[in-house]
Amino acid sequence: MNIELNMILTWPEWSRPCGFSWTSIQERRMTMEQAQATSDRCMRCNRILSNPHSIARSLGPVCYKKSGGGVFDADLQADEKEWARREELLKAGGEIDLGVNWDYPDPGNMIRGYSMRVSVRFKDGAFEAYGCLYKPGKEEEVVFARGQDLKVIYREAIAAGPTATAQAYQARKQAFRQAKRAARRAS
Ligand SMILES: [Zn+2]
């Protein structure tokens with residue numbers, strides 16, 4: 001497995017100007033080990049998680065579904081012939097789309113985040129799991145994972161949609177709470 005730059009979404013740090021932070025798989029593994037020792041919380045509802053699968057994706061089963069998760073999970077069960085077909089398609093310049101209606105956080109906005117399409121492509125010699133954000137008047141790309149192992153990149157692409165959607169939900173809730181506090185102070 002040759003991961004050049006395998007990045008995944010993590011809990012956003014709103015203090016940063018872009019509103020988003022990234023961490024490597026390595027860092028996430030460390031977090032997972034710590035999490036297994038101390039348990040971890042669901043990034044959507046903040047409940048404590050105990051199931052290792054839930055901890056790995058930082059989402060409980062209910063919140064995973066509520067965030068649109070599960071639709072593409074079966075794609076990973078494909079046989080080798082199908083994986084070879086996908087590699088061929090991507091290397092020929094094709095893309096595989098994994099949903100167009102994901103949310104992506106817009107910190108401070110309590111109404112909604114951005115819409116995002118998640119896709120897999122082959123670019124500059126490596127597979128990429130990336131999102132296309134539909135921002136007002138423009139589109140913006142965000143790369144979630146990049147590497148030589150299509151199965152790894154595909155798994156990250158499947159995780160990206162529900163993860164970002166759950167984070168967008170949290171971001172809206174947080175913005176709503178802040179607005180409520182501000183209104184209380186003003187009155
Ligand atoms: Zn939850």
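**Is Ser58 buried or exposed, and how many other C-beta atoms lie within 10 Å?** Ser58 is buried, because 25 other C-beta atoms lie within 10 Å, and a residue counts as buried if 20 or more other C-beta atoms lie within 10 Å of its own, as exposed if 12 or fewer do, and as partly exposed in between, with the C-beta atoms placed from the backbone. Ser58 sits in the loop between helix H2 (52–57) and helix H3 (61–66), where helices (H or I, at least four residues) and strands (E, at least two) are DSSP runs numbered from the N terminus. The phi of Ser58 is near 55°, which is a positive value in a residue other than glycine.

**Overview of the protein chain and of the confidence in its model.** This is a predicted model, in which local features need pLDDT of at least 70 and side-chain atom pairs count only at pLDDT 80 or more, while totals for chains, interfaces and linings use all residues. Residues are numbered from 1 along each chain as its sequence is written. The average pLDDT (the predictor's confidence in each residue, from 0 to 100) of the protein chain is 84, and 79% of the residues score at least 70. Over residues 1–26, however, the pLDDT is below 50, and this stretch has 51 contacts in the model beyond near neighbours in sequence, a contact being two residues whose C-beta atoms, placed from the backbone, lie within 7 Å. The protein chain holds five helices and nine strands, and 30% of its 187 residues count as buried. Among contacts between residues at least 6 apart in sequence, 51% join residues at least 24 apart.

**Close-up of strands E7 and E8.** Strand E7 (residues 114–123) runs antiparallel to E8, and nine bridges join them; two strands are said to pair if DSSP finds at least two bridges between them. Within this pairing, Met116 has Leu133 in E8 as its bridge partner. The two strands form a hairpin with two residues between them, and Asp124 lies in the loop that separates E7 from E8. Asp124 is not a glycine, yet its phi is positive, at about 50°. Asp124 counts as exposed because it has 7 C-beta neighbours inside 10 Å.

**Close-up of strands E8 and E9.** Strand E8 (residues 126–135) also pairs with strand E9 (residues 138–147) in the antiparallel sense, over nine bridges. Here Gly131 has Val142 in E9 as its bridge partner, while Tyr130 stands opposite Val143 in E9. E8 and E9 form a hairpin with two residues between them, and Gly137 in the turn has a positive phi of about 80°. Pro136 also lies in the loop between E8 and E9. Pro136 is exposed, since 5 other C-beta atoms lie within 10 Å. The C-alpha atoms of Pro136 and Tyr114 are separated by 8.8 Å, although these residues are 22 residues apart along the chain.

**Close-up of the nonpolar cores.** In soluble globular proteins, nonpolar side chains tend to be buried together. A nonpolar core is a set of buried Ala, Val, Leu, Ile, Met, Phe, Trp, Tyr and Cys residues joined through C-beta atoms within 7 Å. In this model the largest nonpolar core has 24 residues, and those with the most contacts inside it are Val120, Ala129, Ile153, Ala157 and Ala160. Two or more residues of this core come from each of strand E6 (102–104), E7, E8, E9 and helix H5 (150–186). H5 gives the most to this core, with 10 residues. Another core lies apart from it and has eight residues, among them Met43, Leu59, Cys63 and Ala166.

H5 has 37 residues and reaches 53 Å from its first C-alpha to its last, close to the 54 Å expected at 1.5 Å a residue, where the expected span is 1.5 Å times one less than the number of residues. A kink of about 30° lies at Ala160 in H5, shortly before the proline Pro162; the bend at a residue is the angle between axes fitted to the seven residues ending there and the seven starting there. Helix H4 (residues 80–91) should span 16 Å, because it has 12 residues at 1.5 Å a residue, and its end C-alpha atoms are 16 Å apart, which agrees. H4 is hardly covered, with one buried residue among its 12 residues. Gly93, which follows H4, has a positive phi near 100°.
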